[in-house]
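Please read these notes with the model open.

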Amino acid sequence: MSKLSDAKEILNALQVPTKQQNGMCCCVLLAMAGLTEELPWSEATNNWIRIHDVIAFANSNYGMTYAENSRETFRKQAMHHFRNAAFIEDNGKATNSPNYRYRLTDEMLRLIQSFGQNMWNERLSTFLEHHDTLVEIYASKRAMRKMPVKVNGADFTFSPGKHNQLQKAIIEEFAPRFAPNSECLYVGDTIEKDLVKNEDKLRELGFAITLHDKMPDVVLYSEEKNWLYFIESVTSVGPMEPKRIKEIEEMTADVTAGKIYVTAFLDFKTFKKFSEALAWETEVWIADMPDHMIHLNGDKFLGPRK
C-alpha cells in the first residue's frame, strides 16, 4: 500500500468524517509525521511545522500541485479539524504570526508509529477509549493561553498575540481614562473577526457597513458626549494615516457624532517606527504610558497649563 492509502486507513480507523479522509488531509498527516513514501510509520516524528511546510512537503514528496495561496483551505479543511480532534496542537502563537506552528500530539505520534505492527489495534483502542479526555486536555491548553477581557461588562477571551494584547489594553486601560462610560460597539479578534459588533447601534449612528469595509480595530461610543472613538491597534501595520482616515470618513459619511481617531501602540519604540506616517489631527496612545496621550497638531488643546 502507498503511504497515502495508509494515511486514509488511519483516519478511517479514527472515525473522522469522510471529508477529512481526502487527499489533502492524508498529505497533512504524512507531512506532520515527516514521512516520505519509503520511510516506515515507526519513524514518524512530530516536529513543529507551518502550513507552508506541509504544502511544500506534499508537492515535493507526493506529486501534489497545491498552490501557496491554498493555505487557508488547508487551515479550514484539515488543521482546524485535526486540532479539535487532538490529533495535532499549535504552539500558541498568534495565527497571523510567522512563527505559528503545528505538530502531532504526543498521543497521536505514538499511535501512528504503531501502524502496521502488532500493537496497532491495542493502541488504537486505547486512543479511541481516551479520545474525549484528550480533546478536553488540548482544548483546555488552548483556553489557558487565551486572554480574558471584559467588554461592556460581558466576559470574552482574546486569542494570544501582541495585537490582541494591545486591544485588551485599549478596552481595559485606554477606555476608562479617555473614554469613560463608553460602550464598545466593535472589536475583532485575530481568529474571530467580529468578536463584538453592535450592528444596530452602528447603523443607528449612520454607519454604512458592507462586507468589504475594514472596520477600525476598536470602536467606542460615548453617548454622553456623542463621540465615536476609532482606534487602530498597531503592532506591525495599520496606523491612522491619511489614507486610512479617508476610508473611515467614507464609511461614516452619514455619521453626525464627533469622530476621534486614535492609533494605539504597545510601546514608544513602535510609535517611533510609525510616527512619520501618522495623520495630523489624530491622537496617539501608548500602552506603556497609559495615563498620557499625544495629540498631533491642531488647536484643540492649545492654552495655558494649570
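In which helix does R244 lie? R244 lies in helix α10, residues 242–251.

1. Basis. This is a predicted model: local features need pLDDT of at least 70, side-chain atom pairs count only at pLDDT 80 or more, and totals for chains, interfaces and linings use all residues. Numbering starts from 1 along each chain as its sequence is written, and side-chain values use heavy atoms, with hydrogens and water left out. Helices (H or I, at least four residues) and strands (E, at least two) are DSSP runs, numbered from the N terminus.

2. R244. This residue is buried, at a relative accessible area of 7%. Buried means under 20% relative accessible area, exposed over 50%, and partly exposed in between (1.4 Å probe, protein chains only). A polar atom of the R244 side chain lies 2.7 Å from the backbone oxygen of K214.

3. Surroundings of R244. Set aside neighbours within four places in sequence. R244 is then in contact (heavy atoms within 4.5 Å) with K214, M215, P216, E232 and P239.

4. Helix α2. Ten of the eleven residues of α2 (residues 23–33) are buried, so the helix is largely enclosed by the rest of the structure. Among them are M24, C25, C26 and C27. The buried residues pack against α1 (3–13), α3 (51–61), α4 (71–84), β1 (88–90), β2 (102–104) and α5 (106–113). G34 follows α2 and has a positive phi, near 70°.

5. Strand β5. Four of the five residues of β5 (residues 183–187) are buried. Two strands pair if DSSP finds at least two bridges between them. β5 pairs with β7 (residues 218–222) in the antiparallel sense over four bridges; V218 in β7 is the bridge partner of V187. Two bridges join β5 to β6 (residues 196–197), again antiparallel. There, K197 is the bridge partner of Y186.

6. Whole chain. The chain has eleven helices and eleven strands. Of its 306 residues, 45% are buried. Among contacts with a separation of 6 or more, 54% come from residues 24 or more positions apart. The accessible surface (Shrake-Rupley method, 1.4 Å probe; for residues, only the protein chains shown count as cover) comes to about 16,600 Å², and carbon and sulfur atoms hold 50% of that surface.

Terms used: A polar contact is a pair of N or O atoms within 3.5 Å; within protein, one must be able to donate a hydrogen and the other to accept it, and residues adjacent in sequence count only if both atoms are side-chain atoms.
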